[in-house]
Amino acid sequence: MTDPSCAAPPSQWKTFRAPDKVVADLPELESGTNHSKVADRWTYPASEVHQWMTRPATAPKGRKLVFLTFDDGPDKTVTAQELTNLEKGGVPATFFMITPQMQGVPVDLLRRSLRDGNGLGVHSYSHDYRYLFKGDAAQRATHVACDYDWALAQARAILGSGYAESGFRYPGGHMSWSHLGQADAELARRGVVPIDWNAMSGDADAQMPTTVPGYLAMVKKSIAEAGNPRVVVLLNHDNKERTAEAMPSIIAWLKSQHYQFGIIS
Ligand SMILES: [Zn+2]
């Protein structure tokens, strides 16, 4: 059972009460993981992916890996579009979710995502920068831990008590904030590491692409600026319809560059 480090969820979001008994896992979930059994062979621990990103010399030789990641969902329309894109491309992705939104989508959407071999990760409960990243290091640690614990409890209430993951996508990205050493230590005590990205489709930028060629150009430029690493973690959002329109072309281009697709546990 999850035992949050704070009494109440950290925001104005619709209230959530953690169940006081074990929740049966969704049939598609492999207990102790964030994915289904079929995805085992393309799943990599967040700590490993983080190391390959930050120390490229340690990345596996002789192959190229890409991790498509989608933040800020689930959204019943756009997430479904992205799942269709991934199904048509025959590739998996990792979805970092704002957990209260999980209550607003049909559970069949999450089951479909698991069945397809995708990974479901936690992106926070509140997604509230002013709550998470204000004050000194100790306050940030308290708030990040509280937020994470409720997010995990909520994910387990929906996916099942056997749900577990090893990577936390900080709202805004770990790289955007300072004084997170104690917060990271709180996550480490929970067996979780921060996992950022090293390339992006640009859909969170003020000047986000507006056309499919614009998206593709952004992805190519972003990967080139990262030094064409053998391991690419690509940031996208599954609450942006334009990203969903561009994703088939992005997937096709990544395949043409001989990337294999993985998910982050
Ligand atoms: Zn976000």
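On one side of helix α6, G181 and R189 are exposed. Exposed means over 50% relative accessible area, buried means under 20%, and partly exposed is in between, using a 1.4 Å probe and protein chains only. Helices here are DSSP runs of H or I, at least four residues, and strands are runs of E, at least two, numbered from the N terminus.

A word on the model. It is predicted: local features need pLDDT of at least 70, side-chain atom pairs count only at pLDDT 80 or more, and totals for chains, interfaces and linings use all residues. Residues are numbered from 1 along each chain as its sequence is written, and side-chain values use heavy atoms, leaving out hydrogens and water.

Back to α6, residues 181-189. Which of its residues are buried? They are A183, D184 and L187. Just after α6, G191 has a positive phi of about 75 degrees.

Next, the zinc ion. Its protein donors are D72 (OD), H123 (NE2) and H127 (NE2), lying 2.1 Å from it. D72 sits in strand β2 and H123 in strand β4, so the pair ties together parts 51 residues apart in sequence. Donors are N, O and S atoms within 2.8 Å of the metal (3.2 Å for Na, K and Ca); water is not among the atoms, so sites may look incomplete. Both D72 and H123 are buried.
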